[in-house]
Amino acid sequence: MKNVYMENLGCAKNQVDAETLIKLLEDDDFVLTEQVEQADLILVNTCGFIESAREESINSFFSLHEANSKAKIVLTGCMAQRYADQLEKELGEASAIFGNRDLSKIHEVVRQVFSGERVISVPSYPPRETEVYERDLLLSFPGSAYLKISEGCNHWCSYCAIPLIRGELRSKPKQTILAEARDLISRGIREINLIAQDLAAYGTDDSDRTSKFMELLADLTALPGDFFIRLLYIHPDAFPASLPSFIATHPKVLPYFDIPFQHADTTVLRSMGRTGTKESHLALIEQIRSAVPDAVLRSTILLGYPGEDEAAFAQVLDFLKKARLDWVGSFLYSREEGTKAYALRNDRDHRKAYKVAAAFQKELEALQAPITGNNLQRFVGKEYDILIEELVEGEDLAIGRMYAQAPEVDGLTVVVGRNLKAGQMVRCGIKRVNGLDLEAIPVAGAMHG
């Protein structure tokens with residue numbers, strides 16, 4: 001047997017790929033190790049979405065290679081998929097460059113590597129009926145898991161390289177998704193996080209081009225078991241009109257809406273390839289809150305896109321003041337070769353705009369932080385189920401999340417209590433807001449799950 005070390009970078013969709021790769025390697029008698037020095041094989045599952053993510057991926061690669069230069073080291077994931085030819089020439093330290101469209105090919109890649117070959121493998125997607133999705137180890141905190149319902153994207157937003165990396169939309173067969181969900185539920189998973197580039201686009205790659213997402217969601221909620229579903233990433237231009245009322249009447253689906261509006265200036269939005277406006281986005285938010293009073297809304301704003309000026313950014317600030325979203329993340333535009341927006345300005349102008357956008361980002365964060373803090377106050381004095389993620393060593397404290405907090409991206413709930421266990425659901429009273437986090441204590445008879 002040989003040991004394998006997995007370094008997973010990037011988004012939740014990448015994490016699902018990493019979990020699948022671990023299972024495939026375990027089937028080949030590899031044993032996962034958390035100590036890179038003990039590894040015979042190192043996998044670096046990279047992100048290639050924006051420049052900063054690629055820099056992190058390369059830095060991680062060299063750090064791991066330095067920590068254990070005797071191990072075979074494979075660069076895989078999105079960066080490997082998109083830049084295989086370039087990496088073949090520039091990353092001689094890599095034992096293999098392996099794309100992410102047919103993960104089952106890891107078997108032959110690794111066999112070749114251990115026979116002394118250097119491998120560059122960027123296979124196409126396999127037939128859907130033969131694609132592998134099985135996972136044993138989940139890299140999430142106990143009690144939570146991601147379930148990917150599709151690959152790729154057909155929106156082709158002008159700034160986004162995802163279709164170049166992952167390809168066009170490729171919906172997973174519904175029965176496969178349901179089987180995965182049943183397996184997760186049977187393993188005691190309480191929180192199933194549905195992920196895709198756009199959940200609502202599910203099924204639009206079929207011949208009739210209509211979304212099958214609401215049908216899938218209805219079938220998932222009909223599954224027996226004590227679990228709940230969190231929806232992550234729904235494109236605002238394709239938001240299902242019936243979703244808020246569905247969530248209002250189906251308690252298994254958390255009233256949590258992750259809608260990446262990206263901007264509020266109409267000219268910028270049109271250049272991005274989006275059809276919404278500040279007014280239509282505000283109307284959608286109002287519709288959701290009217291139908292689902294407990295709704296929590298998260299969004300993402302892209303700053304520094306070509307054509308964004310002070311006036312355009314002012315539209316963003318006005319939007320955030322009126323929307324009063326619960327959570328807002330922001331990122332700076334990365335000039336990605338092959339995207340429609342790449343030709344909108346040269347590299348010199350991009351560097352200048354990037355500095356301006358970084359200042360915009362600080363202003364946005366200063367505006368949004370008190371909005372988020374004020375919104376969190378509505379939970380104080382009420383009781384909620386908290387999913388315990390991890391215990392604080394040496395303290396009667398645990399870190400968890402309530403429905404208003406998605407994994408990795410939002411604040412946390414600190415639970416003061418004894419005999420808590422990771423993966424457990426605990427009924428707690430929210431005592432106060434601390435920054436962007438909550439503090440809570442278990443109520444009598446709170447332990448379950």
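A residue is called buried when its relative accessible area is under 20% and exposed when that value is over 50%, with partly exposed in between. The exercises below apply this to a predicted model.

**Exercise 1.** Determine whether A145 is buried or exposed, and state which residues surround A145.

Solution. Begin with the location: A145 belongs to strand β7, which spans residues 144-148. The relative accessibility of A145 is 0%, so this residue counts as buried. Next, list the contacts while leaving out residues up to four places away in sequence: A145 then touches L138, S140, L184, I189, E191, I192 and N193. For a contrast, take G338, which is 193 residues from A145 in sequence and lies 33 Å away in space, C-alpha to C-alpha.

**Exercise 2.** Work out which residues of helix α7 are buried and how they are arranged around the axis.

Solution. Start from the dimensions of the helix: α7 runs over residues 174-186, has 13 residues, and reaches 18 Å from its first C-alpha to its last, close to the 18 Å expected at 1.5 Å a residue. The buried residues in α7 are I177, L178, E180, A181, L184 and I185. These residues cover an arc of only 160° around the axis, and therefore lie on the same side of α7. On the other side of α7, Q175 and S186 are exposed. The elements that cover the buried residues of α7 include β7, β10 and α8; L184, one of those buried residues, is also among the residues that A145 touches. Finally, α7 is followed by G188, which has a positive phi near 85°.

**Exercise 3.** Classify the aromatic pair of F30 and F114 by its geometry, and explain why the pair ties together parts that are apart in sequence.

Solution. The count of aromatic pairs in the model comes to eleven. In the pair formed by F30 and F114, the separation is 5.9 Å centre to centre and the angle between the planes is 50°, which makes the pair tilted. F30 is in strand β2 (residues 30-32) whereas F114 is in helix α5 (residues 106-114), so the pair links parts that are 84 residues apart in sequence.

**Exercise 4.** Identify which rings have the charged end of K2 or the residue K172 over them.

Solution. The charged end of K2 sits over the ring of F114, at 5.1 Å from the ring centre; F114 is also the partner of F30 in the tilted pair. K172, for its part, lies over the face of Y133, 4.2 Å from the centre of the ring.

Definitions and conventions
Residues numbered from 1 in each chain as written. Predicted model: local features only at pLDDT ≥ 70, side-chain atom pairs only at ≥ 80, totals over all residues. Heavy atoms only, no water. Phe/Tyr/Trp six-rings, centres within 6.5 Å; stacked < 30°, edge-to-face > 60°. Helix = DSSP H or I, 4+ residues; strand = E, 2+ residues; numbered from the N terminus. Lys NZ or Arg CZ within 6 Å of the ring centre and 35° of its normal. Buried < 20%, exposed > 50% of the residue type's maximum accessible area, 1.4 Å probe, protein only. Contact = heavy atoms within 4.5 Å. Expected span 1.5 Å × (residues − 1). Arc of directions from axis to C-beta.
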